[in-house]
Amino acid sequence: MTEKEYLDALNKALKWLPKPEKEICFNYAREMIEDRIENGLPEAEAVAQLESPQQMAKAFLEDRGSLKFKFSLPINSVMTVILLILGFPLWGALLLAGLMILLAGFLLAGCVPFICVVMTVSLLFVALVSVSASPFVMVSVSLIAGVIQLGVGVMALGGLILAALGASLTIPWFKAAVMKTAQFLRSLFFQEVSKW
Amino acid sequence: MDSQLKKGLLEICVLAALAKQDSYGYQIIKDVSQVIEISESTLYPILKRLEASRDLETYSVEHNSRLRKYYRLTDSGRRHIADFLDDWKSVMAVIDFIKGEVHHD
């Protein structure tokens, strides 16, 4: 394997990393190869001494994955603590109000996927019953009533497809919105720190 | 060797490899691998960790028309080595005790 092939493979294996981080890993591996070549090793040999690009990428990614979160508020003096305690009736109420508004917003937004799912299930039920019962109605009641029954069933089937489509679109959207908000709230009070 | 123990030892070995003079990745690998097995993928997280804990600093130097990253030991890094050597004295005492007891039988 040539140096370029190795680095291309590494780049590909690291494609999910943000660019600055990818650059650091990439430069590290390149330096290791080039220092070996400078040391007198042939290019192929220098590359062969390293672990495979996939193993290398795994090490980089695992290292990156080792982050945890630390609770951190900008409490840096006694004064801040006193102000925080004295101001609690004000900021506590505002914080609570803000969280409640957020919660209300999510409940409201969550209704859309919820309604879609409920519609899907109930329309499925209507479609099944109507379509399967329509031949009996045609025979035992009247042909016209049976055809209407069948039509209702087919309409329910159409509605079902629309509702299912709506659910499949709104559920991921809702999930993403919840995740983003949770991440934002966490970033207000917690700081990402290295594991070690 | 136990992997936790090895991890701790590697960290100190990397710091020790910088004690005499600043060094770069490949040189550190060459120096450290004389006594303990180390690969690029194990060195990388160690260097990152030691930099994060300010035991070492980095700077880049132009070398043969490319940049080479150098690592420099800080005072905190030197203290880290000294602490390790201090701790190790009590570990040696334990080892001597274990050896003495085993040979006694």
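Predicted model: local features only at pLDDT ≥ 70, side-chain atom pairs only at ≥ 80, totals over all residues.

Begin with helix α2 (residues 19-38) of chain A and helix α2 (residues 25-32) of chain B, whose axes come within 8 Å and cross at roughly 70 degrees. Angles of 65 to 115 degrees count as roughly perpendicular, and α2(A) and α2(B) are therefore roughly perpendicular to each other.

## Stop two: rings between the chains

Now turn to the aromatic side chains. How many aromatic pairs does the structure hold over all chains? There are eight. One of them is formed by Phe60(A) and Tyr44(B), an edge-to-face pair at 4.4 Å centre to centre with 85 degrees between the planes. This pair crosses between chains: Phe60(A) belongs to helix α4 (residues 53-65) of chain A, and Tyr44(B) to helix α3 (residues 40-52) of chain B.

## Stop three: a tyrosine pair in chain B

Next, select Tyr24(B) and Tyr70(B). Their ring centres are 5.5 Å apart and their planes lie at 70 degrees, so this pair is edge-to-face. Tyr24(B) sits in strand β1 (residues 23-24) of chain B and Tyr70(B) in strand β3 (residues 66-73) of chain B, so the pair ties together parts that are 46 residues apart in sequence. Both Tyr24(B) and Tyr70(B) are buried. Bring up Arg68(B) as well: it lies over the face of Tyr24(B), at 3.6 Å from the ring centre.

## Stop four: the hairpin

Finally, follow β3(B) to its partner, strand β2 (residues 56-63) of chain B. The two strands run antiparallel and are joined by eight bridges. Which residue of β3(B) is the bridge partner of His63(B)? Select Arg66(B) to see it. The hairpin of β2(B) and β3(B) has two residues between the strands, and here Asn64(B) takes a positive phi near 45 degrees.

Definitions and conventions: Residues numbered from 1 in each chain as written. Chains lettered and ligands numbered in written order. Heavy atoms only, no water. Phe/Tyr/Trp six-rings, centres within 6.5 Å; stacked < 30°, edge-to-face > 60°. Helix = DSSP H or I, 4+ residues; strand = E, 2+ residues; numbered from the N terminus. Buried < 20%, exposed > 50% of the residue type's maximum accessible area, 1.4 Å probe, protein only. Lys NZ or Arg CZ within 6 Å of the ring centre and 35° of its normal. Pairing = 2+ DSSP bridges. Axes fitted to C-alpha atoms, helices over the stretch in contact; angles between N-to-C directions. Parallel < 35°, antiparallel > 145°, perpendicular 65-115°, else oblique.
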